[in-house]
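Subject: Structure for you to look at

Hi,

Here is the structure I promised to pass on.

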Amino acid sequence: MMRLLGQKTGTCFQRCVGFDGLNALYALTYDIDAKHGTNYHERFKNFLLYIQENDYMSAGAMTDARGDRSLRPHQQKNPKLYLHISERRDDGIVVNGAKAHITGAINSHEIIVMPTRAMGEEDKDFAVSFAVPVNAKGIKFIFARQTNDTRRLESPLDAGNPKYACVGGEALILFKDVFVPWERVFMNGEYEFAGPLVEMFAGHHRANYGGCKVGLADVVCGGSHWLADAHGIDKASHILDKLTDMVTMAETCWSCSLACSYEGFKTPSGAYSVNPLLASVTKLNITKMVYEWMRIAQDIAGGKIITLPSESDMDNPDVGEIVAEYFAGKEGVNVYDILKMLRLIESMSIGAGLPEAMHGAGSPAAQKIIIARRSGIEKKRELAEIIAGIRKDEAFEKILGMSEEKYWQETKEKIREARMKICQRMTK
Ligand SMILES: Cc1cc2nc3c(=O)[nH]c(=O)nc-3n(C[C@H](O)[C@H](O)[C@H](O)COP(=O)(O)OP(=O)(O)OC[C@H]3O[C@@H](n4cnc5c(N)ncnc54)[C@H](O)[C@@H]3O)c2cc1C
């Protein structure tokens with residue numbers, strides 16, 4: 001579904017973060033209840049039904065502002081840099097702080113809040129998860145600026161992807177004394193579950209990147225081939241080679257994404273989750289390969305991708321014909337179509353989609369932490385030790401029916417005897 005939506009929109013379609021939050025909370029609320037005897041899972045299921053029955057969109061709000069990244073939540077001079085519980089009442093909690101970079105926030109119905117990192121006991125008040133409607137009292141949005149956002153107000157052609165805009169419409173969400181009733185609170189200080197919740201959410205979210213970004217790669221590949229054709233270079237061997245590289249990278253990311261689900265597991269809640277190691281590998285590939293396939297798209301498109309005049313010049317009776325003459329491609333191709341395709345590739349390869357591929361679902365170092373933690377390096381050492389003969393090889397001994405030590409002693413003896421025979425033959 002992610003790849004298909006990427007193919008149909010050519011941009012971020014803003015749905016995944018909320019979905020991933022729902023998936024992670026379904027599993028984690030069950031685990032918290034199992035340990036603490038709380039009833040978060042029941043509350044969460046009621047919320048989920050409400051979302052499904054009304055076909056509502058939820059924004060997933062995990063990232064805190066975090067100020068000095070080297071300090072833990074309770075160590076920050078300004079506690080608002082991590083969203084936190086400032087009051088516990090009989091009917092619910094009151095929260096203050098903010099969530100940063102939240103995709104699709106202003107055009108969602110609900111905000112699902114989750115903690116941003118693993119936490120210790122002193123961070124208890126920051127270990128909080130809940131859902132609130134976007135218009136809850138005390139909530140404010142500050143909308144993000146993007147590279148070519150105002151072009152949409154000027155001209156559909158210049159916008160590049162006028163139907164679906166640039167990226168995800170991110171916003172800083174401020175929470176000032178926001179009241180959350182108990183039935184919408186899914187974590188209230190159970191700090192030891194903050195890390196597992198982040199990891200499970202990140203698993204789902206990182207796996208998704210091998211879907212949506214590959215859908216975009218399909219569009220960029222098609223657009224690059226179209227431009228190569230329009231410019232009469234589509235048969236050149238280096239162009240075909242570059243397009244093949246784009247496809248290879250995209251399908252590598254797609255394979256990674258599929259593998260996350262195929263290698264997924266059933267959580268105690270009954271819901272399935274993805275393989276977290278493979279999910280981090282998927283996202284780490286995305287942080288590099290998206291830049292690489294966009295680099296190729298810019299190579300094939302040529303310098304026009306950033307030197308085109310505006311649509312208003314095309315409409316200008318004095319310069320329009322000149323632009324059409326000098327920005328034309330091969331005969332028979334409408335110059336306006338060339339401009340449309342160049343603008344699409346420009347918006348996809350230069351805009352906010354690139355840093356989104358880098359930082360969305362965590363910066364590369366965050367993926368490497370999970371990869372290192374789950375790499376199973378001890379098991380890999382064991383494999384090498386067995387093959388090198390440093391560690392006992394039980395399977396080998398089972399096949400031989402004797403200890404490995406005895407086998408090698410006998411083998412060495414046989415080699416020695418064979419050598420002796422050869423030497424004797426040579427000295428005769
Ligand atoms: C387009 C876009 C959409 C997003 N959508 C959402 C969303 O819908 N919901 C959501 O919750 N979040 C969202 N995010 C946030 C995303 O998860 C964060 O950007 C990401 O986790 C990185 O955090 P940061 O931006 O604060 O960068 P930083 O964490 O400041 O990263 C900058 C650099 O600092 C390094 N760094 C950070 N902390 C440390 C440390 N303690 N020690 C050493 N090095 C460190 C990082 O590895 C990186 O190299 C979105 C981000 C983008 C760009």
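Helix α17 (residues 404-427) lies largely in the open, because the number of buried residues among its 24 is zero. "Buried" here means that 20 or more other C-beta atoms lie within 10 Å of a residue's own; 12 or fewer makes it exposed, anything in between partly exposed, and the C-beta atoms are placed from the backbone. Helices (H or I, at least four residues) and strands (E, at least two) are DSSP runs, numbered from the N terminus. The end C-alpha atoms of α17 are 35 Å apart, which agrees with the 34 Å that its 24 residues should span at 1.5 Å a residue. That expected span is 1.5 Å times one less than the number of residues.

Before you go on, keep in mind that this is a predicted model: local features need pLDDT of at least 70, side-chain atom pairs count only at pLDDT 80 or more, and totals for chains, interfaces and linings use all residues. Residue numbers start from 1 along each chain as its sequence is written.

Just after α15 comes glycine 389, with a positive phi of about 85 degrees.

Now the domains. The assignment, which is automatic or from a database, gives domain 1 (14-184), domain 2 (198-377) and domain 3 (378-427). The C-alpha centres of domain 1 and domain 3 lie 61 Å apart.

Where does the ligand lie? It lies between domain 1 and domain 2, because both give residues to the shell around it. That shell has 22 residues, the closest being Met62, Arg69, Thr103, Glu356 and Ala365. By type, the shell has eight nonpolar, 10 polar and four charged residues. (Ala, Val, Leu, Ile, Met, Phe, Trp, Tyr, Cys and Pro count as nonpolar, Asp, Glu, Lys and Arg as charged, and the others, Gly among them, as polar.)

On to a sheet. Four strands form an open sheet in the order β2-β3-β7-β6, with antiparallel pairing. β2 (84-88) and β6 (139-143) are at the edges with a single partner strand each, so one side of each has no neighbour in the sheet. Two strands pair if DSSP finds at least two bridges between them, and β3 and β7 are joined by eight. Look for glycine 97 opposite phenylalanine 175 in β7.

Aspartate 55 sits in the loop between α3 (40-54) and β1 (58-61), and its phi is near 55 degrees, positive although the residue is not glycine. Aspartate 55 is exposed, because 7 other C-beta atoms lie within 10 Å.

Cheers

Notes: Near = placed C-beta within 6 Å.
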